[in-house]
Amino acid sequence: MNTRTVRTLAAALSLTAALAISGCSGDSEPKMTVSGAFMPQPVNDKMAGAFMVISNPTEAPDKLTGATSPLSDDLQIHETKDQKMQQVQSMDVPADGELRLERGGNHIMFMGLKSTPKVGDKVTVELRFEKAGSVKVELDVKERTYNAQAPTSTAHSGH
């Protein structure tokens with residue numbers, strides 16, 4: 001090998017090592033992203049629902065384990081099975097997949113609202129995940145009849 005080839009190989013190995021080290025720098029927690037987050041305008045201050053798509057772009061599955069918000073001290077994760085809603089402790093967010101929280105299906109419930117948001121308001125929510133930690137989300141308050149375009153959902157509204 002000539003000197004030029006050795007230098008090129010050394011540079012390539014250095015770059016590869018640097019990339020490998022930076023990829024292992026302790027920042028290996030899954031990073032969740034949220035899209036389409038909204039809350040239909042509540043009818044009263046008793047309860048409201050939150051809907052969104054949580055995407056997990058990593059190879060590691062995770063779980064949604066809770067949520068908090070200044071709007072309510074009681075946020076619950078609800079699943080819908082056989083057209084019946086029930087509170088659960090967590091929901092799976094598959095690796096390289098998504099968790100859809102949508103009307104007529106799984107969702108987050110706000111119980112006992114401290115105020116009643118109106119169309120156009122924003123509601124802050126902090127989602128907690130088993131591995132990814134916390135993610136802050138802003139829900140757009142939409143009309144009561146609003147339903148995000150969700151091609152997989154044909155169910156009716158759950159509340």
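Is Y146 buried, exposed or partly exposed, and what is its relative accessible area? In this predicted model, Y146 is partly exposed, at a relative accessible area of 29%.

**Figure 1. Aromatic cluster of F38, F51 and Y146.** The three residues belong to one cluster, and the count of aromatic pairs comes to two. The view shows F38 and F51, whose ring centres are 5.3 Å apart; their planes meet at 35°, so the pair is tilted. F38 lies in strand 1 (residues 33–40) and F51 in strand 2 (residues 47–56), so this pair ties together parts that are 13 residues apart in sequence. F38 is buried, with 3% relative accessibility, and F51 is likewise buried, at 6%.

**Figure 2. The pair of F38 and Y146.** Here the ring centres are 4.8 Å apart and the planes stand at 85°, so the arrangement is edge-to-face. F38 belongs to strand 1, whereas Y146 lies in the segment after strand 10 (133–142), so the pair ties together parts that are 108 residues apart in sequence.

**Figure 3. K142 over the ring of Y146.** The charged end of K142 sits over this ring, 5.0 Å from the ring centre. The ring of Y146 also pairs with that of F38.

**Figure 4. Stretches of pLDDT under 50, residues 8–27 and 150–159.** The chain has an average pLDDT of 83, and 74% of the residues score at least 70. For residues 8–27, the model has one contact beyond four places in sequence. Residues 150–159 have 20 contacts beyond near neighbours in sequence. Where pLDDT is low, predicted coordinates should not be read in detail.

Definitions and conventions. Residues are numbered from 1 along each chain as its sequence is written. This is a predicted model: local features need pLDDT of at least 70, side-chain atom pairs count only at pLDDT 80 or more; totals for chains, interfaces and linings use all residues. Side-chain values use heavy atoms; hydrogens and water are left out. pLDDT is the predictor's confidence in each residue, from 0 to 100. Contact means heavy atoms within 4.5 Å. Rings of Phe, Tyr and Trp (its six-membered ring) pair if their centres lie within 6.5 Å; planes under 30 degrees apart count as stacked, over 60 as edge-to-face and the rest as tilted. Helices (H or I, at least four residues) and strands (E, at least two) are DSSP runs, numbered from the N terminus. Buried means under 20% relative accessible area, exposed over 50%, partly exposed in between (1.4 Å probe, protein chains only). A charge sits over a ring if NZ of Lys or CZ of Arg is within 6 Å of the ring centre and within 35 degrees of the ring normal.
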